[in-house]
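Subject: Structure handover

Hello,

Here is the structure I said I would pass on. My notes on what was found follow below it.

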Amino acid sequence: MKAPNAEQKKLLELQQTDSSLDRLMHREKNLPESALLQEAAAERDGIVSRLATEVGAVEDAEADLGRLESDAATVSARMQRDDKRLQQTSSVKDVTALESELESLRGRTAVLEEQQLDVMQTVEDARGVADATRAEGVEIDARIADIRAQRQTALDDIAEQRGTLAGTRHVLTEKLDAELLEAYEKQRAKTGIGAALFRAGTCGGCTMSLTGQDLATIRAAALDDVVRCPECNCIVVRTEESGLW
């Protein structure tokens, strides 16, 4: 293939533009904010899971307290009923039985009150743990929102640069010989490098230094010959920096 050397030199600018686009793509895929967001999301999932367990503990403790309060209310009602019956009966046998039951119920009330105090403390402790975790959730949500904002700023910057580079690329390709551009695009699709500067015997695409017959072949090629690197096959563009002339 042949193409004017001046035309081949345009490939260097095109390659530079494409490499910049590649770097933007790499940057977009590897934004530090994306990793931070992933870590924060995982941390938030852990908090949500932990909170669910802690809320369950609160509900269980509250249910225990409810049962104890219900038992206490039942015992209290029973004591009121027995006390009323005790005031109304004249039977010695009934009085003895009622007083015995009242004594038993007073003991039961004391036990229930002690259990209620323990469970109330359990409820209070469990609520405190859950509230602390909720606070962690609020904090992680705020951090996630902040990271998202930073990530969006970075993405907007990338999009702006990409738009500028895409415009530059369009202008460059419009001016390039169609056959030369096709050769460049095919090679670039394979390795990411379609063309590179040949400088001091070295291919700028693969950084391999050419010697012997390979170097002699490039040196002997006509200026309008489209020469490829024997190592990476990219188009090597010869300029005054190549040290060939």
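The accessible surface of the protein is about 14900 Å², and carbon and sulfur atoms account for 52% of that. Please keep in mind that this is a predicted model. Of the 245 residues, 32% are buried.

The protein has five helices and four strands. Read from the N terminus, the elements follow the order α-α-α-α-β-β-α-β-β. The radius of gyration is 42 Å, well over the 18 Å that the globule rule gives for 245 residues, so the protein is more spread out than a compact globule. Along the principal axes, the C-alpha atoms fill a box of roughly 135 × 35 × 25 Å.

Helix α3 covers residues 92-175, which is 84 residues. At 1.5 Å a residue, α3 should span 124 Å, and the 120 Å between its end C-alpha atoms agrees with this. At the start of α3, a side-chain oxygen of Ser91 comes to within 3.4 Å of the backbone nitrogen of Lys93.

Among contacts with a separation of 6 or more, 74% are between residues 24 or more positions apart.

On the cysteines: with a disulfide taken as a pair of cysteine sulfur atoms within 2.5 Å, the count is zero. For Cys203, the nearest cysteine sulfur is that of Cys234, 3.7 Å away, and Cys203 is in no disulfide. Cys203 counts as buried because its relative accessibility is 0%. Cys206 is in no disulfide either; the nearest cysteine sulfur belongs to Cys229 and is 3.7 Å away. With 22% relative accessibility, Cys206 counts as partly exposed.

Regards

How values were computed:
Residues numbered from 1 in each chain as written. Predicted model: local features only at pLDDT ≥ 70, side-chain atom pairs only at ≥ 80, totals over all residues. Heavy atoms only, no water. Helix = DSSP H or I, 4+ residues; strand = E, 2+ residues; numbered from the N terminus. Expected span 1.5 Å × (residues − 1). Polar contact = N/O pair within 3.5 Å; in protein donor to acceptor, adjacent residues only side chain to side chain. Rg over C-alpha atoms; globule rule 2.2 N^0.38 Å. Buried < 20%, exposed > 50% of the residue type's maximum accessible area, 1.4 Å probe, protein only. Contact = heavy atoms within 4.5 Å. Areas by Shrake-Rupley, 256 points an atom, 1.4 Å probe, with all protein chains shown as cover.
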